[in-house]
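Subject: Structure handover

Hello,

The structure is below, with notes on what was found in it. Please read the notes alongside the coordinates.

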Amino acid sequence: MDLLSHLQLGLSTAATFDNLLYCFVGVTLGTLIGVLPGLGPVPTIAMLLPLTFGMSPDTAMIMLAGIFYGAQYGGSTSAILVNLPGESSSVITAIEGHQLARQGKAGKALAVAAIGSFVAGTIAAVFIALFAPPLAEMAIRFGAPEYFSLMLCGLVAAVLLANGSLLHGFGMMVLGLLLGLVGTDVNSGIQRFTFGVGELADGVGFVVVAMGLFGLGEIMANLDRQEAGHRPASQVGGLWLSRDDMRRTAGPILRGTLFGSILGILPGGGALLSSFAAYSVEKKISPNRRQFGHGALEGVAAPEAANNAGAQTSFIPMLTLGIPSNPVMALMISAMMIQGIQPGPSVMIDRPELFWGVIASMWIGNVMLLVLNLPMIGLWVKLIAVPYLRLYPAILMLCAVGVFSISSSTFDLYLMAGFGALGYVFAKLELEAAPLLLGLLLGPMMEEYLRRSLLLSGGDIAILFTRPVSATLLAVAAVGTVIVMLPAIKQRRSKVFME
């Protein structure tokens, strides 16, 4: 089948009534959790995983995907109106967007953000359709050594591109790998690191950890920040863009889309990194560079296009390799496993309607988001004004219901509470939790692929270094670590991720 036939299959899958309905539900929920500071796609998707049991795989993935890229749209709304980014990738948008809001131009900033997000999301979907199939075909030829090295390379890249200290990042990754070892060894049947607790025989639940670290932990951190003094801009202003506004923002939107489409594939913080990169470039090359810091439309257009393109291209390694590039993609892999689908390159061959249906739904979802966001700005403004003290009890209840509905185990509720406290400690110590979550998901798979590699080689670890692709991936991980540790690069990295 050629590309057009694939896209026709995807559109026919995405355009069914159920899929259109759940796509709309997903992008609406995504916008809502993006608008409200303190929420995010990770705990939201984790809470909704039990609901996907009764859905078809393509419907479930379309809805969850809509939540993720819809949150990028919503995150810019609170960043512009309240100077509180709903998503980390919208941090840079707040710099120029809130200045425009203070000048009574919030409507223009929101319009630029919505249009930039729509253009970037549409182009990024084309990017996925073009480049995902060749990558999947290449991945089919991978053996156990190549997959182990690829996962290790992805984990290292996630640490190198994560916020904070490299030492802290590697420590969190190792902690995640160790948590992944808890449970029963599938080969020997021996329980490991369960300390006699029977509920841990099946391992530490991925959703439990995600809900604790990113749900409960974020609630406690937000309550500690005392953000009650923030209020949305009183005057939103008109949404209409002049010809000059469109001319000024066209270039930044396209450049931001390019940054996001490329950098979004990287593990760790592709959407965040691309938004910072796009803003930095526009600040240097824009003819209106003197307006930066005082309300420049280019400073809204470029990062918003970049983070939305980055969010969508982060699906490429998940769909083609079965490798998550961020915690949301890790949850998407869990959703596929719940449906009995093994993530990886075989998905495109065995379940083409799922693969291409998700891609096609991104075009439909972006149209829905454009129509949804601009006319409903008044509603979003009212929602932002709701005090967080009134929101967090409902979030807490949903987290508890979501975890309990998966396993019907009160032990998991206690475990979630424990990881919630740990998440709060991580937030206070400024430790990035994403490497831990990725290590927890990839750890058992890496162990399995390493064992297969050693069986193939008769116990010789050299198989990882003598196979060309495996050796190249390990070399990339090692060289990347050395380069990032160089003083000049280390200093620049700290500056880029400094909020």
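Buried means under 20% relative accessible area, exposed over 50%, and partly exposed in between (1.4 Å probe, protein chains only). This is a predicted model, in which local features need pLDDT of at least 70, side-chain atom pairs count only at pLDDT 80 or more, and totals for chains, interfaces and linings use all residues. Residues are numbered from 1 along each chain as its sequence is written, and side-chain values use heavy atoms, with hydrogens and water left out.

Loop between S2 and H9

Phe193 lies in the loop between strand S2 (191–192) and helix H9 (206–225); helices (H or I, at least four residues) and strands (E, at least two) are DSSP runs numbered from the N terminus. Phi of Phe193 is near 55 degrees, a positive value in a residue other than glycine. Most residues other than glycine have a negative phi. Phe193 is partly exposed because its relative accessible area is 48%. Phe195 is in the loop between S2 and H9, and its phi is near 55 degrees. With a relative accessible area of 76%, Phe195 is exposed.

Helix pair

The axes of H4 (residues 57–82) and H12 (residues 298–313) come within 8 Å and cross at roughly 155 degrees. Axes are lines fitted to C-alpha atoms, for helices over the stretch in contact, and angles run from 0 to 180 degrees between N-to-C directions.

Regards
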